[in-house]
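Hi,

Here is the structure I said I would pass on. Have a look at it first, and then read my notes below.

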Amino acid sequence: MSGLFGGATSSTSNSNTIGDLKNDVPISNPPEDTISRLAFSPTQDILAVSSWDKKVRIYQIASNGSSEGKHMYEHDAPVLSVDFSKDGQKVASAGADKQAKLCDLQTLQTVQVAAHEQTIRFARFFELPNSSGPMLVTGSWDKTIKYWDLRSSAAVGTVQCQERVYSMDVRNSLLVVGTADRYVNVINLQDPMKFYKTLQSPLKWQTRVVSCFTDATGFAIGSIEGRCAIQYVEDKDAGSNFSFKCHRDPPQGNTTQVYSVNDISFHPQHGTFSTAGSDGTFHFWDKDAKHRLKGYPTVGGSITATTFNASGNIFAYAVGYDWSKGYMANNQNYPNKVMLHPIQGDECKPRPSVKKR
């Protein structure tokens, strides 16, 4: 197992598009309830995990895939979001207790840094060129997003959204906010108090996730109806926008079983991306070639959250019940775990580009 998650491991190119789960390993001592969000440190292989059990857990991941719990802190209600600061020194989390907390990984002290009138669905760090440190943006079911500079208890700015915030992502100066009623708001964080662009999702059903491209030129949208959309920010690139079906069973007569796309993660180096869903599968895609790179067998339960580590050689995914089939499908034996999948060979590498004449 040694070196499995290290950079030296090589794998022969496999033209088969069916991926392999045999090297995937679980983290030790996982949360006791469904995992809501995963985040890797940008500076080392430390994984933060937020859960409906009201806790945030921090794990150190070794090069052989083994994991060790390093720290844990609590909220007063289910935790729905977790994120690392750019320097890897701080973790922000937020949830149904209507507050965001900041944990300093050096001192292990936790303080409240943000509050909303309703559940905070997402909290993400960002940095502006002229700011003296990291800032936090929070998105809530109270239909607002707020900006915090972490040194004062009052928000430095509030932007009213059309509806409740369901998903949010930040990359460089790009902030994308997906709300109820399928609104998607694009904000340039250089001018954070207004929408740079607002659009209705090109997908016909509820937005489940928005995720920014690695180069911040656009974003992907996943919906509850087994579809994903690729959207570029600028109108000049609109010809490259497209959507595709995913996370669906083969048709049975006139019926197709369709699953929610629960998370989308972009590879930090290659710019390819993953989708993961309620069907318990994940897939790697190349948006530029409009091609699926790899699909994987079911992992035995819904996948609720995914992320890549900073070097792109670990793909973490959380397995747990996502309530997509109501309370009756929930049972004591439903798996609840975080798995680490080693990225090997060309699993996530884009297809060689074919220049058009």
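What is the strand order in the open sheet of 4 strands? The order is β2-β3-β4-β5, and the pairing is antiparallel. Before you go further, keep in mind that this is a predicted model.

At the edges of that sheet stand β2 (35–40) and β5 (67–74); each has a single partner strand, so one side of each is left without a neighbour in the sheet. From one strand to the next, the twist averages 20°. For β2, the antiparallel pairing with β3 (residues 46–51) runs over 5 bridges.

Next, the cysteines. I searched the whole structure for disulfides and got 0. Take C246: the closest cysteine sulfur to its own is in C228, and because the gap is 5.5 Å, that is too far for a bond, given a cut-off of 2.5 Å. C246 counts as buried, at 5% relative accessibility.

Last, the surface. W323, Y327 and M328 form a nonpolar patch there, and together they have about 460 Å² of accessible area. You'll find M328 in the loop between β27 (314–319) and β28 (337–342). M328 counts as exposed, with 70% relative accessibility.

Cheers

Key:
Residues numbered from 1 in each chain as written. Predicted model: local features only at pLDDT ≥ 70, side-chain atom pairs only at ≥ 80, totals over all residues. Heavy atoms only, no water. Buried < 20%, exposed > 50% of the residue type's maximum accessible area, 1.4 Å probe, protein only. Patch = residues over 30% accessible without salt bridge, like charges linked within 9 Å, V, L, I, M, F, W, Y side chains within 5 Å. Areas by Shrake-Rupley, 256 points an atom, 1.4 Å probe, with all protein chains shown as cover. Salt bridge = Lys/Arg side-chain N within 4 Å of Asp/Glu carboxyl O. Helix = DSSP H or I, 4+ residues; strand = E, 2+ residues; numbered from the N terminus. Pairing = 2+ DSSP bridges. Axes fitted to C-alpha atoms, helices over the stretch in contact; angles between N-to-C directions.
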